[in-house]
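My notebook is open, and today I am looking up a few local features. I'll go from loops to helices to strands.

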Amino acid sequence: MDNITPFLIGHHDSKRNVAISPELILSAHSANYDMLTFPITTPHFHSRVLSVLSTAFSDASTNLNEFSSRNAAPVIIDPLSPADSQLTPDESISSIIGTTSSWIDLGSPDPIIADISRQVLRLELAYAAFCGVTYVIIHGPRQNNSCDVAAYARAVLNGLDQGPYMQLYIWTDTHFDPANIKKQVGDLASFARREYMLSDDSNDGVGAVFQAWQAWDTIRSVCKYSTRLNLALSITKSLPPLPVLSRWYSEPIRLLTLDGNTFRKNPKGYPALSTEHQEYILKLMRLKIQPWLLICDATPIKDPSHRPGENTESNFPSLNQATTMPSTEGDPHLQYIRHLQSKRSGMNAMDQFGAGYQDYLQAPLQPLTVNLESVTYEVFEKDPIKYEWYERATARALHDWIEQGKPTSNPDGRVVVAVVGAGRGPLVSRALKAAEDTGIDIDMWALEKNPNAYVLLQRHNENKWDQKVSLVKSDMRTWLGPQTSRKLATTRKTYNVDPDEAEQDGSSQAPTIPEDQNLSASSTLMPQNNRYKIDILISELLGSFADNELSPECLDGVQHLLNPIHGISIPASYTAHFTPVAAPKLHADISLSMINVNPTAAEIPYVVMLDQIDFLSTSTPPEPPTTASSPTKTKTFATLLSKSSRQSSGSTASNATSKAPAIPSTPNIRTAWSFHHPNHSINSPPIANAHNTRYCKFSFPVAHTGTCHGLAGYFETVLYPGVELSTNPLTMEDKSAGMISWFPIFFPLKTPMFLPEGGVVDVSMWRQTDDRRVWYEWLVEMYVGSSTRRIKVGSSELHSSEKEACLM
Ligand SMILES: C[S@@+](CC[C@H](N)C(=O)[O-])C[C@H]1O[C@@H](n2cnc3c(N)ncnc32)[C@H](O)[C@@H]1O
């Protein structure tokens, strides 16, 4: 197994009522916990607040009507006294996560309750910050329709100001489930006056599974995606449907909490988790920022102030308690989680290659205008698939060339192969290998414009390639083509056919080429000024969105050197693909930090190894027949689900269960446009570039409510018929599983767009050029209603990367 970070596990006891001390911390550590939670205030403070509230409600002099305007604050909670908190700024502080009071209700519809709750939160956060507590948990908004989530969010925004270094965790369940509601004594929510409550406070089934996420979405939007506001996600006993789990995956989960009752008992009576729980937790524990785990209200930590023999509840449990207590030393819940840690599987090639790069935004390479460093080439060259597939494509092209009896451009009968943009030469080595394996003589050329890489090409030619390669240092668009100093034969020795063999066959020409084509081929291909054409032109100029590194423009500029009748380009074609995604982390990175360095940061496409994203438009494939035994698409999708590309399912709240639905749905990824080479409809080299503009518009149905932060882009390429590469999550496994060279591309939205359930997102996309530069433009619009009557409910502005256009 590879080296993966150990889990950091904390202990939470919602009724912790022992003094905080270095001994308590030691006791937690010796129980093998890394940290523990501690309430910021005491029951004394709780009683004090309750009595202020009761006085306010009973005191006729309090003008409660003032509250109906929701502006006044006549009920004041006095600052904390020593009896109100056990915290003190000492060495214990760094080992605890502070918890604010669970009995406040920041989103209460009753203005007095909401106001008192805000004051409590402010006092608690301010004191915790003063003591040096870095991490604080705030209980999430109540999951009922009366809850004023906007007011809750506003209070949290205020809370962020209480401690500039403090990280706040909003503690929320994955979904609303009445079974998870815990009644508590002295809960301020229970004192809310009836006139402020909605008559129907209940949740309906379907929308409710996204209600907790929707509340979180409001909170972080109000708090402007603050990086100090994160999630403590409670993994409940019943798991929500896959779309909900997939949505949470995209969010900044820093704490995963597991209640004692989330665990089942295994046959030996020890706590264990269902397979679905294990899988989801292990998936979250592989996030780039590994969340901490909190085991809540399971096994208490030994109270260091109790001496053995003393008559305490833990020393003398009731009979009932005794039956549920572990028979061995140690906390069995913790032992189970430590055991789960050892079940983590190793990383696959892509995980290893991308480790640390998840969701890290990078400017796309511009190899045309910028000369790449050797390490960049070195990274490409680690790909276990790309070069293998190029070799396969070249071998097939060579084989077909000979089999179809095509005339070669070099009159000596060798097939002329040129790698344009050869870099440090890996495709040259592969082409030579393909020729050797197929037993076909080739005339090998390699061109590169990067003068530094060219040094290595010369060295390889000497040491590795036996001087078999003709090297050219040039931009491919200004190259005049292969040339020889030898006098070229005027009679063509074609088709790579050994003349002796041909004579024995009774033919000197392969029969498959029609006569007229042969004639024209012979005249067009006759060398001029000792220059001749290329038969197979190999290039790798593709970017994450296929054409974004200007492969079309470069190949158009060299196409005139290609054998005009039979010339083959590897790649033969490529397509760009995209889909709308939720990517809160990427939005936060762009809008909070990158924009400060580059004002156009929200209008640039980025290369990024997408990980914490959620596909917003998905559909469920029809259920496969149960008898099918061959690997079906569904199987591929299911495989994808377990990898970094996540899918969702169409199930509803009614089947919220610990069993994940069997058929995951797949993202709707649409093909934006394509390019083909050679392109016989253009003059080469072309004088203008208008033929390389593109436009497309697609509608994406949205099954579940969500927030769109941008578009995820991918590409597919046909190197040679039957040999394809793909980064498209729908086809990558089938076409080029294990390929690591390209991360996807991300087109951001300046302002996130809320997508209502059942709506349709229209995305328009352009590839633009002014004959000197190339850039992209994109626009996202949101519609609801039926196909006959669409109502527009939102639109992004037109985004354009023109200011950061790629120079041709
Ligand atoms: C993505 S790298 C691929 C390098 C190498 N073929 C490989 O697969 O590892 C593209 C290479 O093409 C070169 N290149 C890009 N545009 C070019 C042009 N117009 N003329 C010549 N070389 C070009 C770059 O310098 C770079 O070395």
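I started with P678, which I found in the loop between strand 21 (670–676) and strand 22 (694–701). Helices and strands here are DSSP runs (helices are H or I with at least four residues, strands are E with at least two), numbered from the N terminus. A cis peptide bond joins H677 and P678, and omega is about -5°.

Some housekeeping: residues are numbered from 1 along each chain as its sequence is written. I'm reading a predicted model, where local features need pLDDT of at least 70 and side-chain atom pairs count only at pLDDT 80 or more, while totals for chains, interfaces and linings use all residues.

Next I looked up I570 and P571, which are also joined by a cis peptide bond, with omega about 15°. P571 sits in the loop between strand 15 (568–570) and strand 16 (573–582). I noted these because most peptide bonds are trans, and most residues other than glycine have a negative phi.

Q467 has a positive value near 60° and is not a glycine. Its place is the loop between helix 15 (451–463) and strand 13 (469–473). A546 is not a glycine either, yet its phi is positive, about 70°. I found A546 in the loop between strand 14 (536–539) and helix 18 (551–558).

Is Q467 buried or exposed? I counted C-beta atoms, placed from the backbone, within 10 Å of a residue's own: 20 or more others means buried, 12 or fewer exposed, and in between partly exposed. Q467 has 9, so it is exposed. A546 has 28 such neighbours, so it is buried.

Then I checked a helix pair. Helix 4 (residues 149–160) and helix 6 (residues 211–222) pack at about 40°, with axes 8 Å apart. Axes are lines fitted to C-alpha atoms, for helices over the stretch in contact, and angles run from 0 to 180 degrees between N-to-C directions. That angle makes helix 4 oblique to helix 6; under 35 degrees would be roughly parallel, over 145 roughly antiparallel, 65 to 115 roughly perpendicular, and the rest is oblique.

Last, the strands. Eight of them close into a barrel, in the order 1-2-3-4-5-6-7-10, with parallel pairing. Strands pair if DSSP finds at least two bridges between them. Strand 1 (residues 9–12) and strand 2 (residues 35–39) run parallel, joined by two bridges. In strand 2, M35 stands opposite G10.
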